[in-house]
Amino acid sequence: METIPHWIAGKPYDRAAERHGDVYNPATGAVQARVAFATPAVVDDAIAAAAAALPAWRATSLARRTKIMFAFRELVDRRKEDIAALLTREHGKVPSDALGEVNRGLEVIEFACGIADLIKGEYSENVSTEVDSYAIRQPLGVVAGITPFNFPAMVPMWMYPLAIACGNTFVLKPSERDPSAANFCAQLMMEAGLPPGVLNVVHGDKVAVDRILEHPQVAAVSFVGSTPIARYIYETGTRHGKRVQALGGAKNHMIVLPDADMELAADAAVGAGYGSAGERCMAISVIVAVGDAGERLVPALRERIARLKTGPGSDPGSELGPLITGAHRDKVKGYGDAGVGEGAKLVMDGRGLRVAGHEDGFFLGPCLFDGVRPEMSIYQDEIFGPVLGVVRVATYDEAMAMVHAHPYGNGVAIFTNDGGAARKFVAEVEVGMVGVNVPIPVPMAYYSFGGWKASLFGDLHIYGRDGVRFYTRTKAVTSRWPDPRFRGVDLGFPQNK
Ligand code: NAD
């Protein structure tokens, strides 16, 4: 059976792995490969490779860094079907969804191609007589990224292209569930001209993560994953003196006002609720139907959900793939059971789905609950599967109070034709990313991505201009050329003249 190796100093790491994990094909339920799990010593080797590559890389001209980034962009674009195929094989998402992921990652690489402009500093002439001041942005050093299973290509691309373009060297610890895309892209980076050691990939679990968090040569950590781990990464990383941004989980609400176009709202909710089998941090998982909106929306949802096709990515008709593991499928299914037990009405029940020829795959059909109440676990918890709940409330204010009472604040959407209501919502809502008649408002690469409350620990969002700020530190310089006129000892605090 194939063993997926680490990628260190520009090549597959050749020392035999002491620890391994299984990589499943979620559509068949079979183990298809083993992945090496890093020990602390392997992580140390990756960080040493990144540290060794740092002096030359940070001294590499912006012109050269830009050329490499453009070349990488071309290679990812040319090989995007191959990357998408790896995602379907290991994550299970259907090919159109996998290709969408690669295309959104590509946009961040394109943003990083503009590094020469993004990293510009500031200059002021004559801040005092014949004294000039300027500020420059410099890389942090060796930085690390720790990423989740649900976007194995895109989420790492939120991090390493920009970090590397800024002059840092990088150690990526992708999800151990779908590790191949990271290695593939690291190899493309080499083909694009990146020197060995600038981008390294270590695979593994908590052992690898903990070594990254405590290693004195790691200056900063970007994390994307679930909220309990994000909190742990933030607290542990900052305790070890690192700059940390840690993006966590979500429970994204979609508010539907009675004046909304219900057909549009139903299309949007089904796409955003069940796309990627609900395994997206920006998935809609709760619909808050205001006034009589639920009366018209729920039948429209049922009709669409009944037509959805759940199946393997190898079948071109499949719209939803399997979940990532059998354990996760059982957990999500358990929420279906819990919702029934808590008194919500299960209007579409995908729990018994069997996919012919793929009986051992980790499939679960779409489930829709109506009559969900805030105290239920299916409302409180991030389910991360194809389970959508409808809560019915009488007023806009009640809907807003629910969003505000929820611990997560990643994404939210409002569906309405009332521009005034939408504008008020955008101004008031305490959530990091907001959609107006847009169900998955993932910001463009030139804006930054990040939630509020329990969806992000740290001060800066990821990619976009916040990404450049995160991966650089500012140095302010005050400069005067020696001039005999300014001779003489003065113990006073320097003042501008
Ligand atoms: P996860 O938190 O289980 O794992 C994320 C990473 O942390 C992986 O690399 C994993 O190996 C590592 N990890 C897991 N347990 C650890 C531990 N105890 N100590 C140290 N490291 C550990 O998340 P996941 O299941 O891979 O991904 C799904 C989660 O990610 C969901 O909660 C989803 O909302 C979230 N997510 C958030 C965003 C966002 O932008 N906010 C984007 C994608 C996914």
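**Pockets and a covered strand**

Sixteen residues line the second largest pocket, and Arg480, Asp490, Pro494, Gln495 and Lys497 lie nearest its centre. The model is predicted.

**Second largest pocket**
- The volume of the second largest pocket is about 500 Å³.
- Its lining has seven polar, five nonpolar and four charged residues.

**Largest pocket**
- The largest pocket has a volume of about 1000 Å³.
- Its lining has 40 residues, and those nearest the centre are Pro148, Phe149, Gly225, Ser226 and Ile229.
- Helix 8 (206-214), strand 11 (218-224), helix 9 (227-239) and helix 12 (326-342) are the elements that each give two or more residues to this lining.
- Helix 9 gives the most, with five residues.
- By class, 19 residues of the lining are nonpolar, 13 are polar and eight are charged.
- Where does the largest pocket lie? Domain 1 (2-248 + 455-477) and domain 2 (252-436) both give residues to its lining, so the pocket lies between them.

**Strand 16 and its partners**
- Strand 16 covers residues 367-370, and both of its faces are covered.
- Cys367 and Phe369 are buried on one side, and Leu368 and Asp370 are buried on the other.
- Strand 15 (residues 345-348) pairs with strand 16 in the antiparallel sense, over three bridges.
- Met348 has Leu368 of strand 16 as its bridge partner.
- Strand 17 (residues 387-393) pairs with strand 16 in the parallel sense, over three bridges.
- Here Leu368 stands opposite Leu388 of strand 17.

Conventions: Residues are numbered from 1 along each chain as its sequence is written. This is a predicted model: local features need pLDDT of at least 70, side-chain atom pairs count only at pLDDT 80 or more; totals for chains, interfaces and linings use all residues. Side-chain values use heavy atoms; hydrogens and water are left out. On a 1 Å grid over the protein atoms alone, a cavity is a set of points where a 1.4 Å probe fits but cannot get out, and a pocket is an open set with protein on both sides within 12 Å along at least five of seven lines; lining residues have an atom within 4 Å of a point. Grid points are joined across faces, edges and corners, and a volume is the space filled by probe spheres set on the points. Helices (H or I, at least four residues) and strands (E, at least two) are DSSP runs, numbered from the N terminus. Ala, Val, Leu, Ile, Met, Phe, Trp, Tyr, Cys and Pro count as nonpolar, Asp, Glu, Lys and Arg as charged, and the others, Gly among them, as polar. Domain bounds come from an automatic or database domain assignment. Buried means under 20% relative accessible area, exposed over 50%, partly exposed in between (1.4 Å probe, protein chains only). Two strands pair if DSSP finds at least two bridges between them.
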